[in-house]
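Have the viewer open as you read.

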2 protein chains.
Amino acid sequence: MSMKPFKELMPREEAVNIILEKTKPVTNTEIVPIQSSIGRVLAVDVMAGFDVPPFDRASMDGYAVKSEDTKGASETVPIKLKLIGAQHTGGIFEGTVDHGECLEIATGSPMPDGADAVVMVEYTELETENVVIKRGVEPGKNMAPAGEDMIKGAKVLEAGTTVIPGVLGALAALGYTEIEVYVKPRIAIFSSGPEIAPQGTPLNPGQIYDINSFTLASVIEMNGGVAYKRGIMEDTMESINESLKSASTFDLGVFSGGSSVGVKDLFGEAIEKQGEIYFHGVKTKPGKPTLFGKVGETLIFGMPGYPTSCLNNSYVYLLPALRKMSRLEPKHWVRVNVPMGEGFESKGDREQFITVEIREGKAYRVFKQSGDITSMTHADGFIILPIGYSKLETGDTVEVTLLNV
Amino acid sequence: MSMKPFKELMPREEAVNIILEKTKPVTNTEIVPIQSSIGRVLAVDVMAGFDVPPFDRASMDGYAVKSEDTKGASETVPIKLKLIGAQHTGGIFEGTVDHGECLEIATGSPMPDGADAVVMVEYTELETENVVIKRGVEPGKNMAPAGEDMIKGAKVLEAGTTVIPGVLGALAALGYTEIEVYVKPRIAIFSSGPEIAPQGTPLNPGQIYDINSFTLASVIEMNGGVAYKRGIMEDTMESINESLKSASTFDLGVFSGGSSVGVKDLFGEAIEKQGEIYFHGVKTKPGKPTLFGKVGETLIFGMPGYPTSCLNNSYVYLLPALRKMSRLEPKHWVRVNVPMGEGFESKGDREQFITVEIREGKAYRVFKQSGDITSMTHADGFIILPIGYSKLETGDTVEVTLLNV
């Protein structure tokens, strides 16, 4: 039996840098229906195959005219034009607008031959066969040329772009039904620890329900990955080796509960033997016993077993890897400055993540212990205390990183 | 034919207030596996059915002791205790820790009878049959009592809570396999306009591809709803009535392209006849021809046909309705203050939403025309100009509401 303490703890920034340096973005791609591409990352540049719009069109409801016919028209000196018909959207008017004539036209409709501008309906009055024009227009007024939105041959979207609604709209405008995107990285989750019981069975003495595979899967799925729950790893070298072998068929393996000291050193030993450990032990609290390494081509995270430690470190250490692997932009954390509703002091040799809830604009600690999931459940966000002694008075402003937006 | 201009335009704030006042949150519920409850809204209070953890447990790796045995122990004056065995997680040690004894214990393991504290492994040294204790502990040190996380009978979660990873963790801790959540509102989408062609078919002269059903569906799905595309509504009273009848079987109906002036007044007439129009025409640009009303028990949005107008107004007007209906918190828009990279001036009798991209920390306009989807495609966010004349110089700070976070 060996139960040895951690040696050197890795400062957070350094740990994240190592994680990002070792993480490679996925390279495989797949083709999905465009509606399903929201939140995915384009694997190809998208060029306009034709002009959008494909024709000159009216940009206002009104009357298509020869602009020179309207010169000088005003409320007091209106001009009358003969109405020769209507051009609604979707159709093509076969005739031509000649001098002294106008054509009713709706927003988005193709401009008829002969016309070079549109008079807005607001500045007209309809008589039986004529339209009274009360404001003159310059050539090109209230119309848009073909290709105004996208010009044929232009690069509209770059590979690497994350699809948001406005990007999806461009794909739709170009007539795409499907689009090539990067695959989502496949992430294997292993729970470990003989105390872990699956939901749906009664707890034996000394057992608790599995929490980490759920919180890990949700962080994975919210950050571009697909989570595969691979069950519970036992504390034997045989089970550990089997799990590591299974993990190495995924893009990333995440183990929870197998990285603390004690007999659990087996896990570290197995990784050291089969691959490499980049760090084991981080200088943040909760979550010291976090391991990052590699087996074969697959990166391995060993997360703490304690549920708040595991979830906290999923946000701090796992999430940046997931987003880089998925080719998503780094997470844009929302931070707000609020006063503490109640002061406190704290001392530690690691950076501390203290979860807080915000009530009536003030932050109150909800952190209990790293073993208590409710430290996260009731949290609106967290504050970070530096290494050493911190004293916060009631009313002192703190920066809260929000977890629920 | 009637082609009449809009009468009174509704200011944005007033329009949003009307929308929120008329929108009712869904009341039906459904039961889903807990992993699928992420982003959903709890329909029930959740009480702890048992203490979590169900037993006193060690919160550090080390040795369970009678604290009084360690009194005064230090590096220089260590105390020796007899090691009587090991209590790892998941098992139950059947014996008792007596005076002069200690038990190896791992984080999370049930405390053995007789022990009332844990000495961290860092402050010990293992000899063959004894453990050298180099630091004394107070009663309760490095252990956590049963129920520390959740006490049996306590209300852990309130109905109405949105499930984020920390909330999911609490459900898992309590052994839930499934949970009751509010249903997602079912939203029907109708495109309209004879110029709209589905993707996958060649465009006829005067036609463009359907964009709005895609962008609308994505905004709906990103804000708690389920989108049902109901096809293209024709500009005839018969088709409009049929579509409204179909819409009234959903929680909300969203029509795009049928709310501009012109023959499209038919749509407003049909709603007025069968239900009520709360407003038609908003004082924002793009997107003036937006309609909000009701047919039967179903609220109806008539969105502008122009793709940027439609998408912009999906964010401004539709989204608040979706989130209230889904019982999600109002959207937490992220806003950043950045200098304009290039000045401009503008004048308008409506509030203007100007899309911008942010390059090297500066905002540049990407808004072209409301008919051009690329006004949104390349946007990182938008700025809002008030009604009237605005002049922004290069370097002036603007507040950008981000669309892509």
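First, some housekeeping. This is a predicted model, where local features need pLDDT of at least 70, side-chain atom pairs count only at pLDDT 80 or more, and totals for chains, interfaces and linings use all residues. Residues are numbered from 1 along each chain as its sequence is written, while chains are lettered from A and ligands numbered from 1 in the order in which they are written.

## How the two chains meet

Start with the symmetry. Chain B superposes on chain A (RMSD 0.0 Å) by a rotation of 180° with 0.0 Å of shift along the axis, which is the relation of a two-fold axis.

Now the contact itself, counting two residues as touching if their C-beta atoms, placed from the backbone, lie within 7 Å. On that basis, 78 residues of chain B are in contact with 79 residues of chain A. The chain B elements that give two or more residues to this side are H2, strand S15 (208–209), helix H3 (212–222), helix H6 (307–326) and helix H7 (374–377). Helices (H or I, at least four residues) and strands (E, at least two) are DSSP runs, numbered from the N terminus. H2(B) gives the most, with eight residues. By class, the chain B side has 41 nonpolar, 28 polar and nine charged residues. Here Ala, Val, Leu, Ile, Met, Phe, Trp, Tyr, Cys and Pro count as nonpolar, Asp, Glu, Lys and Arg as charged, and the others, Gly among them, as polar. The copies meet through the same surface, because 100% of the interface residues of chain B are also interface residues in chain A.

Among the buried ones are B:Val167, B:Leu168 and B:Leu171. After the helix comes B:Gly175, with a positive phi near 85°.

## Cores

A nonpolar core is a set of buried Ala, Val, Leu, Ile, Met, Phe, Trp, Tyr and Cys residues joined through C-beta atoms within 7 Å. The largest has 86 residues, and those with the most contacts inside it are A:Leu171, A:Ala172, A:Leu174 and B:Val254. H6(B) gives the most to this core, with 10 residues. Which residues does A:Ala172 touch, leaving out those up to four places away in sequence? They are A:Ile34, B:Gln199, B:Tyr209, B:Asp210, B:Ile211 and B:Phe214.

## Strands around S20(B)

Strand S20 of chain B (residues 291–295) is largely enclosed by the rest of the structure, because four of its five residues are buried. Strands pair if DSSP finds at least two bridges between them. Five bridges join strand S18 (residues 275–280) of chain B to S20(B), antiparallel, with B:Phe279 partnered by B:Phe292. Another pairing, also antiparallel and with five bridges, joins S20(B) to strand S21 (residues 298–303) of chain B, where B:Lys294 is partnered by B:Leu299. Two residues lie between the strands of this S20(B)–S21(B) hairpin, and B:Gly296 takes a positive phi near 65° there.

Most residues other than glycine have a negative phi, and most peptide bonds are trans. These spots depart from that pattern:

| Site | Feature | Value |
|---|---|---|
| A:Val52 to A:Pro53 | cis peptide bond | omega near -10° |
| B:Lys285 to B:Pro286 | cis peptide bond | omega near 0° |
| B:Arg327 | positive phi | about 70° |
| B:Glu360 | positive phi | near 50° |

Where do the last two sit? B:Arg327 is in the loop between H6 and strand S22 (335–339) of chain B, and counts as buried with 22 C-beta neighbours inside 10 Å. B:Glu360 is in the loop between strand S24 (351–359) and strand S25 (362–365) of chain B, and counts as exposed with 7 C-beta neighbours inside 10 Å.

Technical notes
Buried ≥ 20, exposed ≤ 12 C-beta atoms within 10 Å, placed from the backbone. Least-squares fit on C-alpha atoms with pLDDT ≥ 70 in both.
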